[in-house]
Amino acid sequence: MKKLLFMCLLLVTSITQAHSTDPKKNSDKTGSISGIVLDAELKQPLPYVNIIVKNIAGETLTGGITLEDGSFEIEKIEEGDIIVSIQYIGYKTISKNINISKGNYKVNLGNILLEEAAEGLDEVTIVAEVSTIQQKVDRKVITIGKDLAASGTASELMVGIPSVNVDAQTGDISLRGNSNVRVMVDGKLSNIPTAQLLKQIPSTAIKSIELITNPSAKYNPEGMSGIINIILHKNTMVGFNGSFNIGLSHEIEAKFNSALNMNYRNGKFNFFGNYSNNISKNRNRGLISRPENNSEQFFKFLDKRENHQYKVGVDFYLNDKNTISVFTNQNTSENSTVGRTSAIFYDDTTFNQDQIFSNIGDNNSSQYNFDYKLDFAKEGENIELEIDHNIYESENPVFFNQIAGPLNDYTDFNEAENESTTVNLDYVNPLSETTKLELGLQARLFNTNILYSSTGESYNNMGDLTPTPSTDFDYTRDIYSAYANFSKSFDKWTYQVGARLENVNVDAIALQTDVVTDDITEIAFNSDYFQVYPSLFITYTPSDKNSYQLSYSRRVDRPGIGQVNPIKEWSSPLISSYGKQDLEPQFTNSLEVNYTRNLNNNKGSITGGVFYRAISDEINRALFIDRSDVTSGRIILTHDNFDNTSAYGVEVSANYRPKKWWSINGSFDFYSQSQKGIAENIRDGVLIENATIADIETNVSEVDNAAYNFRMFNNFSVNKKLAFTAFGFYRGKNKTLQFDVKPMYFVNLGMRYSFLEDNRATFGFNYNDVFDTMKFGFTGTRPFVQNGEFNWESNTWNVSLNYRFGGGKYRAKSRKNRDDNTKSDGGGFI
């Protein structure tokens, strides 16, 4: 054995000596490195792994990628000391110091075993038991665990998110008490209406929720209260993988949703696709009473929804520097509503109105996305081009059956078509280990055309019933922008400063045609403005337990289509809603200070913060008495611009684990805002039934609204398979321009059980609003004294099943989170 070892050693020495005396090698003074990269656990080769060769100063010299069998060889490396870095998404980076010199020109690293990084684990198959809250430089990230994921739909899940409120009646969403918020999915704004979209996405499909309350200059500046970005699970690993989710809820009517996600990755291609749906019936009812004229309005609604969404795409890895990705998103929706609104005047029944309305609305949306990314030799330096095109079409006829009242049966016809195209060019350059420069250009082109006609009659300004005119509304808005961000870290400080420059052109025209005379009335509106939106972030981290942050940004809220569209948005016997075509944008300067404390022994963390917003040209509600029908108390609901105002608030959120089997997520937020709006009244001493146009008084009303919310999630783990949850919510009383809103609270209980191999299947059961206390109650004095309450199906039980299949180790292309925002429609019944 000793002789054998000696002979092997002699042979190796002879070969090494022969290479070292090779005249060609010595004359070129260059060498090569080679090896094979394997998965540390599976011992399988990893193709397309980045091999980067740097000098001692950290400058990139050359590089390459592994082949299908995991092997690589990089030649013509200048002699000297080098660092070889083996990098792959989802795995820990390995760095090796090597010397290329005489006697060591050809280096074989052998088998290199890459270990999977914690953040690179399967994003679908591994879901934390408990949701966590993390404060980052420019956003708060709520990672969705199994406790929140059992909620049912995204709309229901949002109720448990700090600072977020969802109107259970309309589905409208607000952040810090303000509805001027943008909602995105994977960084993109969908053409699908927000309320419909949130009710369509299964909660089990959501990985995290990002609350970007003070976005940097890199983001589009729309959204006074910020951006809510929903990040979906991306099951993009080697081989075939997927998951299936199904859920059923019921109180009075059944509600069903499901989703199927699939992915296949092999070599240079990654194919992905998913399908989700929401099929449901929803009942809600309400009552509004007006003591001044002894009248009451009764509301009953049955909504039926059937939404289907399909997404397919492919990532193509040309080489280690170039990646192309394309996908399309297709959505079909059929929503119908049958409702009855009755207005009863107990003192004079001649004013009574009783109306049944129904509609069957079809809408289809299509999204087409192309993305090309080029990585340069310097690590982290890249340029990316993205083109996104969206089409939205809808038809929504509404049939009105007049049981009682002055109007005859009639039908409103509504057709809409929206097209938007967004082109982004982004460049990132890490100038050093502590500094980074980001530059970008963007063009956003948007057009909508809305057609409205009716077989019915409307009151004109003289109070006479005449055929309702038809309207053709065309709205175009083009936005061109450029941004720059510079960030630097030193010692315990990090700062980022940036600015976004935008030029906006709006061209709108409404053509109203008299159906009797064919006379056309033209209402045109144009606007062209240039604005600069700066942003600043400063973070100070004195220790691993404490972190402080100061941020500032300037924002804008551009009116949405529903707020500028002069066509009637919706109507009831005593209320009609219209847009205001010449509505101007509102601007906001926002300042925030946050503090994060990590608790000892990894027990959790606490984040507290305060914010202040200064708002100019505020957009808010305006309530007018219908001049054409003063004595019945009809109201026209619209929007208008008002004087400057301000808002401030405090937020505290925490996650804490008092025991290994018990964890708590809680949050408290308080906000105060002064709101201005127009609310008309009948002058004192005049009864509504005797009023004339001369008796109408127009006043700019102001409301100081202070409101608070409290949420608490408790998760109790019996073992690795079984857990129970309890969620409590309390919303204090608050004020709007129309109403004083009463407090609301509710309690939800749930359980989850995981089974099958590796806990691939999870069964969930939730019982929501256990005490049936979730009601929207209100009182008001503008423009009339009124009291009311609305109820919906909140006392529901929900069962869900999630199953994951397939396997694999590494992920495909990560997609950029980008916003593309416009102010949400006027929406909302009250």
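## Basis of the model

Residues are numbered from 1 along each chain as its sequence is written. Because this is a predicted model, local features need pLDDT of at least 70 and side-chain atom pairs count only at pLDDT 80 or more, while totals for chains, interfaces and linings use all residues, and side-chain values use heavy atoms, with hydrogens and water left out.

## Overall make-up

The protein has 6 helices and 47 strands, where helices (H or I, at least four residues) and strands (E, at least two) are DSSP runs numbered from the N terminus. Of the 830 residues in the protein, 53% are buried; buried means under 20% relative accessible area, exposed means over 50%, and partly exposed lies in between (1.4 Å probe, protein chains only).

The accessible surface of the protein comes to about 36500 Å², and carbon and sulfur atoms account for 56% of that surface; accessible areas come from the Shrake-Rupley method with a 1.4 Å probe, and for residues only the protein chains shown count as cover. Among contacts between residues at least 6 apart in sequence, 67% join residues at least 24 apart, a contact being heavy atoms within 4.5 Å.

## Salt bridges between strands and loops

A salt bridge is counted where a side-chain nitrogen of Lys or Arg lies within 4 Å of a carboxyl oxygen of Asp or Glu, and by this rule the count comes to 8 salt bridges. One of them joins Lys92 and Glu115, with the closest N and O atoms 3.7 Å apart. Lys92 lies in the loop between β5 (80-87) and β6 (94-100) and Glu115 in the loop between β7 (106-114) and β8 (132-135), so this pair ties together parts that are 23 residues apart in sequence. Lys92 is partly exposed, with a relative accessible area of 45%, and Glu115 is also partly exposed, at 46%.

In another salt bridge, the side chains of Arg340 and Asp354 meet at 2.6 Å, N to O. Arg340 belongs to strand β19 (residues 322-345) and Asp354 to strand β20 (residues 353-375), so the pair ties together parts that are 14 residues apart in sequence. Arg340 is partly exposed at 38% relative accessibility, whereas Asp354 is buried at 11%.

## A buried pair and a network

Asp669 and Arg711 form a salt bridge with a distance of 3.3 Å, N to O. This pair links distant parts of the chain, with Asp669 in strand β38 (residues 662-682) and Arg711 in strand β39 (residues 696-717), 42 residues apart. Asp669 is buried, with a relative accessible area of 4%, and Arg711 is buried as well, at 2%.

Elsewhere, Arg444, Arg500, Glu502 and Arg558 are linked in a network of salt bridges.

Glu306, Glu334, Asp362, Glu393, Glu395, Glu415, Glu417 and Glu419 form a negative surface patch. Patches are made of residues with over 30% relative accessible area and no salt bridge, with like charges joined within 9 Å and nonpolar side chains (Val, Leu, Ile, Met, Phe, Trp, Tyr) within 5 Å. Lys and Arg count as positive and Asp and Glu as negative, while His and the chain ends are not counted; the place of a charge is taken as NZ of Lys, CZ of Arg, CG of Asp or CD of Glu. β21 (382-395) and β23 (410-429) each supply at least two residues of the patch, and β23 gives the most, with 3 residues. Asp362 lies in strand β20 and is partly exposed at 34% relative accessibility.

Ser394 is found in strand β21 and is buried, at 15% relative accessibility. Leaving aside its neighbours within four places in sequence, Ser394 is in contact with Asp362, Asn363, Asn414, Glu415 and Ala416. Ser394 and Glu415 are 21 residues apart in sequence, and their C-alpha atoms are 5.7 Å apart in space.

## Positive phi angles

Lys76 has a positive phi of about 55 degrees although it is not a glycine. Lys76 is found in strand β4 (residues 71-78) and is exposed, at 71% relative accessibility.

Asp772, likewise a residue other than glycine, has a positive phi near 55 degrees. Asp772 is found in the loop between β44 (761-767) and β45 (776-780) and is partly exposed, with a relative accessible area of 37%.
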